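Morning, everyone. Let me put the structure up, and then I'll walk you through a few places in it.

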Amino acid sequence: MFMYEMPTRLYFGKKCMEEAKDVWSQIGKKALIVTGRHSAKVNGSQEAVTSSLEQCGVSWILFDEVENNPSIDTVRRAAALGKTEQVDFVVGIGGGSPMDAAKVIALLCTNELDDRTLFTGPYEKPLPIVTVATTAGTGSEVTKVAVLTNPHVGTKQSVNTPLIFPTVSFCDPSFTYSVNPTVTVDTAVDALSHAIEGYLSKKSTPISDVWAEEAMRFVGIHLENLDGHLSKEAREDLMYGSTLAGMTIAQTGTTLVHSMGYELTYYKGYSHGRANGMLLPGYMKLISETMPDKVEKIWDILNLSGLDDFSALLRYTMPDRIVLSEEEIQHYVSIVMPTGGKASTSYEVTEDVVARLYRKLAE
Ligand code: FE
């Protein structure tokens, strides 16, 4: 048996919000818009949302203080604003951080949750969530997961419930045209990691595999040129691929790469996509032992000859090396071992396996 759940209504394409703006007034009368400090103002997405809301007679207030890897404090402040202002729904505009923040803010507007139950539930229905993606990577626009920084456990941690699938998502590739080369590379590799991890997860299903393969195809054809000039068509491919990769992990979750990458972001400051990209070659080596057919299929889809080719490509894209002390490694291992990502990895992951993968980052 397998289950497939994807309740988000997705609008995809240039000017999709303009074409589908009637949807706003079906959701509510007053919106809390959640963004980071700058990019939503630069890439035109914030202006597109506010003018679209106004044309539909929907009022709005703005919370534009979401940082990268948002903290519990930030989402609590925004939720307090939403409650005081009695908003009907929450709109997250941005990359993963504002979209994830919006999901949790919507949850906090209708639930009393302390710093522990925030991650465990039980939850009552949140306010409706609308997301507007402005990078091609996170997939958050079609998932039921929001990742926050949790200082109590010393890592990034997920809020995971079908209740936070966005009600509506707008994916307009034109909002990604101005994304800088570093973020373009990091987010595309995150999307690739979602597709690959979902495809190789113990929780993969026949339907999630269809999305994963297609996601790899659309992201894969641009992997060698990510840091150069990307055409508008390439940006569209990347956004389409990343949304399909999001639909994959909405079914499967992520695996060991994400579980291990969170520590590199939390303690070492590496961006999320970069952390995943550096871990991917070591992970693929493991899984090529347990799922050789699927791994071969990945090389085939990505037009690569094999693991060496893949490792060389990622090393070229992400030349960083990370040297960790044994103490750091043992600490990170203790955080990774209880995670769901480790549990859904199709390999018997021991403490020693995780430690070896972290050590490999120095090579
Ligand atoms: Fe990710």
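Let's start in a loop. Asn69 sits in the loop between strand E3 (59-63) and helix H5 (72-84). When I say helix or strand, I mean DSSP runs, H or I of at least four residues for helices and E of at least two for strands, numbered from the N terminus. Before I go on, the housekeeping: this is a predicted model, where local features need pLDDT of at least 70, side-chain atom pairs count only at pLDDT 80 or more, and totals for chains, interfaces and linings use all residues. Residues are numbered from 1 along each chain as its sequence is written, and side-chain values use heavy atoms, with hydrogens and water left out.

Back to Asn69. Its phi is positive, about 55 degrees, although Asn69 is not a glycine. Asn69 counts as partly exposed, at 27% relative accessibility. On that scale, buried is under 20% relative accessible area, exposed is over 50%, and partly exposed is in between, using a 1.4 Å probe and protein chains only.

Gln86 is another one to look at. You'll find Gln86 in the loop between H5 and E4, with a positive phi of about 50 degrees, and Gln86 is not a glycine either. Gln86 counts as exposed, at 65% relative accessibility.

How many of its six residues are buried? Six of the six, so E4 is largely enclosed by the rest of the structure. In a regular strand the side chains alternate between the two faces of the sheet. Here, Phe89, Val91 and Ile93 point one way from E4, while Val90, Gly92 and Gly94 point the other way.

And who are the partners of E4? Strand E2 (residues 30-34) runs parallel to E4, joined by four bridges; pairing here means that DSSP finds at least two bridges between the strands. Ala31 has Phe89 in E4 as its bridge partner. Strand E5 (residues 129-133) also pairs with E4 in the parallel sense, over five bridges. There, Val90 has Ile129 of E5 as its bridge partner.

Ile129 gives us a way across to Thr8. The two are 121 residues apart in sequence, and 9.6 Å apart in space, C-alpha to C-alpha. Thr8 lies in the segment before strand E1 (9-12) and is buried, with a relative accessible area of 8%. Leaving aside neighbours within four places in sequence, the contacts of Thr8 include Glu141, Phe165 and Ser169, where contact means heavy atoms within 4.5 Å.

Pro122 is in the loop between helix H7 (117-120) and E5, and the peptide bond from Gly121 to Pro122 is cis, with omega near 0 degrees.

Okay, the iron ion. Which residues hold it? The iron ion is coordinated by Asp190 through OD and by His194, His258 and His272 through NE2, at 2.1 to 2.3 Å. Donors are N, O and S atoms within 2.8 Å of the metal (3.2 Å for Na, K and Ca), and water is not among the atoms, so sites may look incomplete. Along the chain, the donors follow the spacing D-x3-H-x63-H-x13-H. His194 is buried at 3% relative accessible area, and His258 is buried at 2%.

Last stop, helix H13, residues 292-301. The buried residues of H13 are Lys294, Val295, Ile298, Trp299 and Ile301. They cover an arc of only 165 degrees around the axis, which puts them on the same side of H13; that arc is taken from the directions from the helix axis to the C-beta atoms. An α-helix has 3.6 residues a turn, so residues three or four places apart point the same way. The buried residues of H13 pack against H8, helix H9 (206-220), helix H12 (272-290) and helix H14 (307-317). The face turned away from that buried side carries the exposed residues Asp293 and Asp300. Just after H13, Asn303 takes a positive phi of about 60 degrees.
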